[in-house]
Every structure is written in C-alpha cells, then in structure tokens.
Amino acid sequence: MSGDGSSTDSSGDAEYELIEAEVALFHVGNRTRSTALLAWFLEAVWRLDPEEASDAICDGGGDKGIDAIHVDDDVKEITVFQAKHRTASHLTQGDNDLKNLVGTVTYLDGPEGIDALLASAPNDELRRLVARLDLRAKLEAGDYGVRLVFVTNGVLDPAGRDYLATRQDHTPVLDMWSRERLAGIAARTATLRVGSNAIALEAASPPIVVDLSNNVRMAVGLIAAPDLVRLPGIEDLSIFQLNVRLGLGRTRINKELARTIQDPAEHDLFCTYHNGMTLLTRSFKVDGTDVTLEGVSVVNGCQSMLALFANRSSLTPDLKILVRIVELGSQGELVDRITYRTNNQNPVNIRDQRSTDKVQRDLQAQVADLYGTELALGIRNGEPHSVEVLENSLLAQLVMATYLGEPWNAVRKVRLFDQEYHRIFSRRMDGHKVFLLHLFDQVLASHRGDLAPELVAAFSSVRFTLAHLMYQLVGLTSEGDAFLDSPGPLLASKRTEVLSILDEMATEAVESTNYFIESKETEAQELGESFDPKVVFKSRAGVTSLERDAVGHSKRMVRRDDEYGFRLAE
C-alpha cells in the first residue's frame, strides 16, 4: 500500500518522544507541527543559525511542495526541504510525499524552471525567498548543484522504502531523514534541561517572589554558603552543565575570592560586594524562609560556587550569597536566553557563549563516541578530560584553513565564533573530520623544527597555511579527495598508511614554504627591498602565491607519476 500508514511496532516510542520534546520548543506563533519539525531540523541538523533557518522556511498554502530552501555558497549547492510531522509514534511515512518532493525538481531545472515556478502563483514567502536567494542567477550560472531533503519523525513504510531505493542512483540526491536518523542527532543536541530532584534551602529572611511574564517566576534571597555547597552535582560538575564555562583555575580573581572566603572577618559583608548567583529550577515553593526546588542548575556563578566548595571547611553561616532562583516550568527555550544574558554581563568571549549550543555539544559527543579513547573535543574552559584535548578554538582555525580554504582568515580569531561560525561548524563537519584535523595538526607540529628559522617563531600563524597546503596536496588525487570528504573508513582500516602519507605531505608543504620564502628574500635583496615573511601567511595574496608554486608542482607530479600523492596500495 502506498501513502501514509501505521505500524503496531512500539519500539520507536522513546525516539519519537525525544524528537517531540525538541520540536515542541519550535512550535511557536503560527507554525504548524511540520514547520516546527523543519525549524528544529534546520538548526540542529543542518546547523543554520536561528535567523537563517527562519528565513529559509516558506511552508504554507501555495508552497508548491517546497517547505524551505537553503543555498550553501561554499559548496555551491541549493537544497530544497520538505517536512512531514506524524502525530503519533505508530504512524509511518509512505512514498506519496517523497514523490511530491522529487516533483519540485522541475522548478530548479535552470532559469526557465524558476520562471515557471514564479508563474505558477506561489505564496509570498516562497516568491520572496526565491528573489532573496537569487536562485535564477545561480541556476543560470550552471555551477550550483541541487539536493532534496525530506524530514519526518515517522518511519518509512514498505512503499516509502521501495521508492527511496529506486532513487539511489538518480540525481538530484534525495536525502532521507526519518525518525531513526533524527533520533541520534536529537540525543546529542537535546536542549539542556534542569533535573527533577527535590532540594531544600533556607534563606536568611523570606525571599522576594516575583511573577514575571509568560508564567515565569523568580525568587530573590540571601542563602548561607554552607547550605549552597550541599547542592547536588558540584563535585562532578553536573550542576554547571548550563554554564558557558567551568573552573578557570588559579586566576588572580579566584585567588582573591579564596582568600576572602578563608577570612571569617569578611563573611558578614561578603554579600555586599559579591555579584551573586543565578539558579534555574523547574519549580520552587517558598514557605517563610524555607525554599524547595524541583531540580537545580547553576547558570551563573560557577567560579564562586567552586571556590566555596573548595574552601567549604572555612564557611560559616554568616557568609551569605545573593541568589536569584528562576522557575522555568516547561519553558525550556528560556534556558539558552538566560544562559546567554547572565553570562554576557561578565568578561565572557563569544567562544564561551557558543559552548552550550547544539552544534558544539553534537560534535563533542561525536568525537567521544568515535575516538573517545584518544581525543576529546574541548568546548568549555575548565572541562575535565582524561585524554588529549583539541580545543574547538583551534579546530575552528583548522577548518577555516583546510575545508574552507582561507588560512589567512584562520588567524582572525574574533570572527571564527561570530560571523564565520556557521560556515566553519556546518553540517559537513563531523567527528571523523575533527579527528583528521587533529592528525593534521599533530603531524605539522612534528615538522616545526624543519621550518626556516624565521618561521619557527611564527609557527602559530604559519601552521594554518601549512595545513592548507597539506589539504590541497592530499586532495590532488581522486582517492585523496574522497578521503577528505569521508575520512572515517580509512582512519579505521589504514591509519598507519594514512599517517605515513600525511607525513609526506607535511614534509612537502614545509619544504615548499621554505623554498618560497627563501626565493622571495633573495628577490627582495636583489631589488634592495625588505621582505617580511610573516606577512605572507596573513594575506590572501601571499598564501595564494605560495599555494600556486607549491601545489602547481605537485599537480604535474600527480599526472606523471602513478605512485605520487595520496594513493593507498590495495
């Protein structure tokens, strides 16, 4: 039977409920459940920022079977989305909707297709989206590919599976995201929520309770420090999962805070010069000075709480902290907003602010699942790890230098977690590529001493140009290009051989760079001019000139020598 059906298999109930809990946070305004599912997908899976995701959606009457369109200019790809939400876990997804999505391809068959789409009286959202993305010009240029993506929280029925099988060798690609595939993403990127355990606190005096808008309540009061350090989850840091950073170590401020805590004479007035803490809870009850919480998370005040806990033997009831307790209820979407605002008042950089978002948590979980015995991806200051750590700040620089091909921008750290964030941490970046870039960096570090002396001291910026050259050299063969796109299989089966080739590529990149710098210095001396080699690695023109020389020679070698370049023996 073709079309939507139902299944009596209840094994997917947990997956269904997990996805539903995430989608519910996006079911706002006039969005349908299908639109909410798509909005969640675009943020959590396609890794668009909220504004870009919202702009991409054109779902509604007259959408011509197109629920959203996104253009990725980095890979020159136009993606058309359609989403179908199933209202119960037993309802399945048939082939009718899949065929409707495939039917939209005629609208993307060159500029004439766009003309036909606009002539078919689409809704205003779709018409504006087509104009905003300049789709006609992109299709007329002929260098943009098309991808179709179908999203559903249901599972495919036999008709759906059969139809999908018939599309395997067809273009454009039909990328199917059904419940089973979505559940893994939802588990890794689930909105951070407060627990449900009951916690009792006692305030110095009856707290002030304020009813805010949207059924949010807040209590403000003074809580004795010995009471606060008994909160569950301090020692294992789980109480701080919503905080953008953990302990920062023995900084000057933390040392001063510790000395203050250890001095009983300071306790009585401590609350007058301390900024206080913000706790999130599902709900609270206030009875006189007694405060009962359902679950708790410290969203601001991690450094203070850790300092209090470390010096708990010095605490007295006189040392009180101003505490704001915010009741979230079921409004999980407030977590991100409160986390951002409360931490944005202090010296926290944009990298810190990104530490709790879905993209970073997804990548960190992927690396842990795939390479957890060798590497951890660090996304927050103060995280405890028992293996080698690749900080996401360095990862961002490596991605910019390699997969995005802009090493001159890799040194501009401020941009990486701001304007360039969603380009760098796009859906194409996964745990395998993170580990590969870690290997790139390790191999390059081992060749640091082979650089010309004037470059060794500037290695922090030179390394990204070298990584860029390595990436280009690996990708000169079809085998190497496929490896860069999907490194997982070879990293699992031929790690030793891969490392050997990467070492050869690093050697060639270093030697080419040394030769280039030496020739430029000689040229400058002959002209009576000065030459600053450090400038080369911070400018597009300098890197492009170096790349042209280094990679140009290797391109010729690949054509002449069947054993040259990234080739693995069978």
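Start your tour in the largest nonpolar core: it has 65 residues, and Phe425, Phe483 and Leu502 are the ones that touch the most other members. A nonpolar core here is a set of buried Ala, Val, Leu, Ile, Met, Phe, Trp, Tyr and Cys residues joined through side-chain atoms within 4.5 Å. Buried means under 20% relative accessible area, exposed means over 50%, and partly exposed lies in between (1.4 Å probe, protein chains only). Helices (H or I, at least four residues) and strands (E, at least two) are DSSP runs, numbered from the N terminus.

Before going on, keep in mind that this is a predicted model: local features need pLDDT of at least 70, side-chain atom pairs count only at pLDDT 80 or more, and totals for chains, interfaces and linings use all residues. Residues are numbered from 1 along each chain as its sequence is written, and side-chain values use heavy atoms, with hydrogens and water left out.

**Stop 1: around Leu502**

Click on leucine 502. Setting aside residues up to four places away in sequence, leucine 502 touches Leu436, Leu439, Phe440, Val443, Met470 and Val474; contact means heavy atoms within 4.5 Å. As a rule, nonpolar side chains tend to be buried together in soluble globular proteins.

**Stop 2: H17 against H21**

Now select helix H17 (residues 392-401) and helix H21 (residues 431-446). Their axes come within 10 Å and cross at roughly 85°. Axes are lines fitted to C-alpha atoms, for helices over the stretch in contact, and angles run from 0 to 180 degrees between N-to-C directions. H17 and H21 are therefore roughly perpendicular to each other. For angles, under 35 degrees counts as roughly parallel, over 145 as roughly antiparallel, 65 to 115 as roughly perpendicular, and the rest as oblique.

Which residues of H17 and H21 meet? On the H17 side look for Leu394, Leu395, Leu398 and Val399; on the H21 side, Val434, Leu437 and Asp441. By class, this contact has 6 nonpolar, no polar and 1 charged residues. Ala, Val, Leu, Ile, Met, Phe, Trp, Tyr, Cys and Pro count as nonpolar, Asp, Glu, Lys and Arg as charged, and the others, Gly among them, as polar.

Colour H17 by burial and you'll see a mostly covered helix, with 9 of its 10 residues buried.

Zoom in on aspartate 441, which sits in helix H21. Is aspartate 441 buried or exposed? At 12% relative accessibility, aspartate 441 counts as buried. Leaving aside neighbours within four places in sequence, aspartate 441 is in contact with Leu394, Leu398 and Arg463.

Next, go to threonine 402, in the loop between H17 and helix H18 (407-410). Threonine 402 is buried, with a relative accessible area of 1%. Not counting residues up to four places away in sequence, threonine 402 touches Leu437, Phe440, Ala467, His468 and Tyr471.

**Stop 3: H16 against H21**

H16 and H21 pack at an angle of about 75°, with their axes 8 Å apart. H16 and H21 are therefore roughly perpendicular to each other. Leu363, Gln366, Val367, Leu370 and Tyr371 in H16 meet Gly431, His432, Val434 and Phe435 in H21. This contact has 6 nonpolar, 3 polar and no charged residues.

**Stop 4: the sheet**

Switch to strands: 4 of them form an open sheet in the order S1-S2-S4-S6, with mixed pairing. Two strands pair if DSSP finds at least two bridges between them. Strand S1 (68-72) and strand S6 (173-177) stand at the edges with a single partner strand each, so one side of each has no neighbour in the sheet. Neighbouring strands are turned by 20° against each other on average, direction ignored.

Strand S2 (residues 77-84) runs parallel to S4, and 8 bridges join them; glutamate 77 stands opposite glycine 145 in S4. Strand S4 (residues 145-152) also runs parallel to S6, with 5 bridges. Look for arginine 147, whose bridge partner in S6 is valine 173, and phenylalanine 150, opposite methionine 176 in S6. In S4, 6 of the 8 residues are buried, so S4 is largely enclosed by the rest of the structure.

**Last stop: backbone details**

Select threonine 171 and proline 172: a cis peptide bond joins them, with omega about 0°. Proline 172 lies in the loop between helix H8 (158-166) and S6. Finish at lysine 64, in the loop between helix H3 (50-56) and S1. Lysine 64 has a positive phi of about 60° although it is not a glycine.
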